[in-house]
Amino acid sequence: MSATRTPQEVFADHGTRLGTGDLDLISRNYTEDAVFVTPDGVLTGRAGVRQGIGRLLTDLPDADWRLTPQFAGNVLFLQWTATTATHEVTDGVDTFVFRDGLISAQTVRYTLSTRTARTA
């Protein structure tokens with residue numbers, strides 16, 4: 001990866017890679033010593049990233065995502081919601097730290113809820 005990529009470029013590429021569902025491809029946007037922090041603990045390295053992202057994608061397959069990113073230098077604060085046919089998240093919050101054109105740290109926190117039937 002190029003150290004000349006901006007955090008915005010890395011994040012845009014990250015979104016494209018997430019859409020593929022390919023955990024190896026996704027993890028290559030992270031540094032080899034990346035940390036992936038969740039309420040359940042800290043996952044380390046690209047293997048940890050694959051585990052953490054894998055759980056997210058399993059929880060929210062084929063989701064409709066709504067993202068509200070706020071960049072501040074090499075840090076991104078991301079608020080998000082996601083909806084699937086059966087589940088939703090209304091309180092997603094991530095923080096990303098970028099280094100040398102890659103993601104070096106990410107925090108992830110969300111509440112997965114079962115969608116209630118809606119009538120028109």
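User: Buried means under 20% relative accessible area and exposed means over 50%; does Ser104 count as buried or exposed?
Analyst: The model is a predicted one, and in it Ser104 is found in strand E6. Residues up to four places away in sequence aside, Ser104 touches Thr31, Asp33, Ala34, Val35, Val97, Phe98 and Arg99. Its relative accessibility is 10%, which is under the 20% limit, so Ser104 counts as buried.

User: Which residue in E6 is the bridge partner of Val37?
Analyst: Strand E1, which spans residues 30-38, pairs with E6 in the parallel sense over 4 bridges. In E6, the residue that partners Val37 is Thr107.

User: What is the C-alpha to C-alpha distance in space between Gln106 and Phe77?
Analyst: Gln106 lies in strand E6 and, with a relative accessibility of 2%, counts as buried. Beyond four places in sequence, its contacts include Val35, Phe36 and Val37, together with Asp94, Thr95 and Phe96. Phe77 is 29 residues away from Gln106 in sequence, whereas the C-alpha to C-alpha separation in space is 9.8 Å.

User: What distance separates the C-alpha atoms of Thr95 and Thr111?
Analyst: Thr95 lies in strand E5 and is partly exposed, its relative accessible area being 23%. Leaving aside neighbours within four places in sequence, Thr95 is in contact with Val75, Leu76, Phe77, Ala105, Gln106 and Thr107. Thr111 is 16 residues from Thr95 along the chain, and the distance between their C-alpha atoms is 16 Å.

User: How many residues apart in sequence are the parts that the pair of Trp65 and Trp80 ties together?
Analyst: A search of the whole structure finds 6 aromatic pairs, and one of them is the tilted pair of Trp65 and Trp80, at 5.2 Å centre to centre with 50° between the planes. Trp65 belongs to strand E3 (residues 64-72) and Trp80 to strand E4 (residues 75-83), so the parts tied together by the pair have a sequence separation of 15 residues.

User: What is the angle between the planes of Trp80 and Tyr110?
Analyst: Trp80, at 4% relative accessibility, counts as buried, whereas Trp65, at 31%, counts as partly exposed. Trp80 also forms a tilted aromatic pair with Tyr110, and here the centres are 5.4 Å apart. Because Trp80 lies in strand E4 and Tyr110 in the loop between strand E6 and strand E7, this pair ties together parts that are 30 residues apart in sequence. Both Trp80 and Tyr110 are buried, and the angle between their planes is 55°.

User: Which element gives the most to the lining of the largest pocket?
Analyst: The largest pocket has a volume of about 390 Å³ and a lining of 21 residues, with Leu18, Gly19, Leu56, Leu57 and Trp65 lying nearest its centre. Two or more lining residues come from each of helix H1 (7-20), helix H3 (45-59), E3, E4 and strand E5 (87-99). The lining divides into 13 nonpolar, 6 polar and 2 charged residues. The element that gives the most, with 6 residues, is H1.

Terms used
Residues are numbered from 1 along each chain as its sequence is written. This is a predicted model: local features need pLDDT of at least 70, side-chain atom pairs count only at pLDDT 80 or more; totals for chains, interfaces and linings use all residues. Side-chain values use heavy atoms; hydrogens and water are left out. Rings of Phe, Tyr and Trp (its six-membered ring) pair if their centres lie within 6.5 Å; planes under 30 degrees apart count as stacked, over 60 as edge-to-face and the rest as tilted. Buried means under 20% relative accessible area, exposed over 50%, partly exposed in between (1.4 Å probe, protein chains only). Contact means heavy atoms within 4.5 Å. On a 1 Å grid over the protein atoms alone, a cavity is a set of points where a 1.4 Å probe fits but cannot get out, and a pocket is an open set with protein on both sides within 12 Å along at least five of seven lines; lining residues have an atom within 4 Å of a point. Grid points are joined across faces, edges and corners, and a volume is the space filled by probe spheres set on the points. Ala, Val, Leu, Ile, Met, Phe, Trp, Tyr, Cys and Pro count as nonpolar, Asp, Glu, Lys and Arg as charged, and the others, Gly among them, as polar. Two strands pair if DSSP finds at least two bridges between them.
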